[in-house]
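User: Please take a close look at one part of this model and describe it in a connected account.

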Amino acid sequence: METVDVFKNGPEVSLEQVLDNREWRSAKQTKLENDFPRATIVAVKLNLPGNVKNSAKIQQFFNAGWRILLASLNGWPIQSIELDISRPTGPEGFVVVSKDINSVKQVAIRFEESFPLGRFFDSDVMAKEAEGYQLSRQELGFEARRCFVCDENAKACAKAGRHSFDELRQAVNHTYEQYFVQDPFLPYWDERSVVEAATFACLAEVVTNPKPGLVDPVSMGAHDDMDVDTFIDSSLALQPYFKECITAGRTFKKGQLTELLALIRPAGLAAEQAMKVATNGVNTHKGAIFTLGILIAAYGYCTQDQKSTTLSFVQKAVSAMGAHLLLENEKVADRSSQELTAGQVQYQKYRLAGVRGEVYEGLVPLSDVALPALRKSEGTTNERLLDTLMAIAAAITDSTLVKRAGDPAINREMIAWVAEFQKLGGAQTSAGMTFLSRLDQTFISRHLSIGGAADYLILTAFIARLMGLI
Ligand SMILES: [Zn+2]
């Protein structure tokens, strides 16, 4: 089991820096109060033990909570948002909302109480015109804040110095593990946010570059009929489909989840049509229409009645939805190859179950490879997605790659390329990036493409978006 150290590689700050930062925050709040005298201000920061207040993982931690808190304030007019995620003294965010202080405070407290990472957040709520009239947690119907180590009254614990520094740090690491590592936590998001996350995932995949053999903003890769604009058009054309999938999942009431798949299949066919119309007949997202649609519907099913869920529950639902898919592969196994899809031809040829098999098994590489790779990767979103794409490419049997190469032995070559890329330090090093550019050229000259890995990158970016990991 991987040991997590949230504080690793973070810069240490001095007491003086912390005190200076306190003054900076206080000045910032005063300015916001003066600029927005009738509004309410929420100042958000993390409350972490020790001298390390920022790191890649601390930023993940903050970002996940920040996005949830913003979403829960989103029903009211938002006047201003400021975020400083890389501040050495810890990430800080300020949001100004036109709503009375006690309603906003209620949202902030509920966030601290119910969101799994909320205990480590301080969300101070203030308003110039409400000074002196702020209701306490108890008056708003909440208990006093509890300690994140022992669950007793937090103030009393801090005052008595009841916990060692190690205990406090372990509590932070343990919470990170539970949320991000053991079984990724997926909060409830409204339908609009889910559609946005799916669209984001499609667009994030295509703008990531340089990807071996795939379309990106500077290259058509080993494809001669599509470029980045084709993918943008296609991604936008799929939005009504994403909406249908999340609605189907959220409203599905029957017992057998195979029926949920049957329910979204006509929408999937319509989405293929919409894709073709948007791209003048080019197949940009056929694989993603299938897998992402199923993943969205499964997430919707697991988050009915505004419940949060975890990735393993969603994967179980995916698998249950696809329970009959391998039978379909068997049925087509004796048809002539002209009527068959690439995946079906391969199933005949190499007995690879393809994307249907992946769904049947619950999209296992998502939890086993892709999300851990994304979580561990650092740097820009582009660098993180490249590291993730390469980790995926080494772990899956990519039916597009096998089809293009005409030989499943290509998988061994792919594994060796990925190992070399990782040995060079991945996308965060210039050697790693140079290697990827050369590999892109190799792929173009050999007419290879990792379309299957690209589809998995879309699924990964979608789930990561829901988690707040990206
Ligand atoms: Zn305690």
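In what order do the four strands of the open sheet stand, and is the pairing parallel or antiparallel?

Analyst: The model is a predicted one. Its open sheet is built from four strands in the order E2-E3-E1-E4, and the pairing is antiparallel. The edges are taken by strand E2 (78-84) and strand E4 (121-126); each has a single partner strand, so one side of each is left without a neighbour in the sheet. On average, neighbouring strands of this sheet are turned by 10 degrees against each other, direction ignored.

In general terms, strands of a sheet pair through backbone hydrogen bonds, in either the parallel or the antiparallel sense.

Two helices accompany the strands. Helix H2 (residues 56-73) lies across E2, E3, E4 and strand E1 (40-46), and runs at about 160 degrees to E1. Helix H3 (residues 101-114) also packs on the sheet, where E1, E3 and E4 are touched by it. The direction of H3 makes about 175 degrees with that of E4.

In summary, the part under review is an antiparallel sheet of four strands, with H2 lying across E1, E2, E3 and E4 and H3 touching E1, E3 and E4.

How values were computed. Residues are numbered from 1 along each chain as its sequence is written. This is a predicted model: local features need pLDDT of at least 70, side-chain atom pairs count only at pLDDT 80 or more; totals for chains, interfaces and linings use all residues. Two strands pair if DSSP finds at least two bridges between them. Axes are lines fitted to C-alpha atoms, for helices over the stretch in contact, and angles run from 0 to 180 degrees between N-to-C directions. Two residues are in contact if their C-beta atoms, placed from the backbone, lie within 7 Å.
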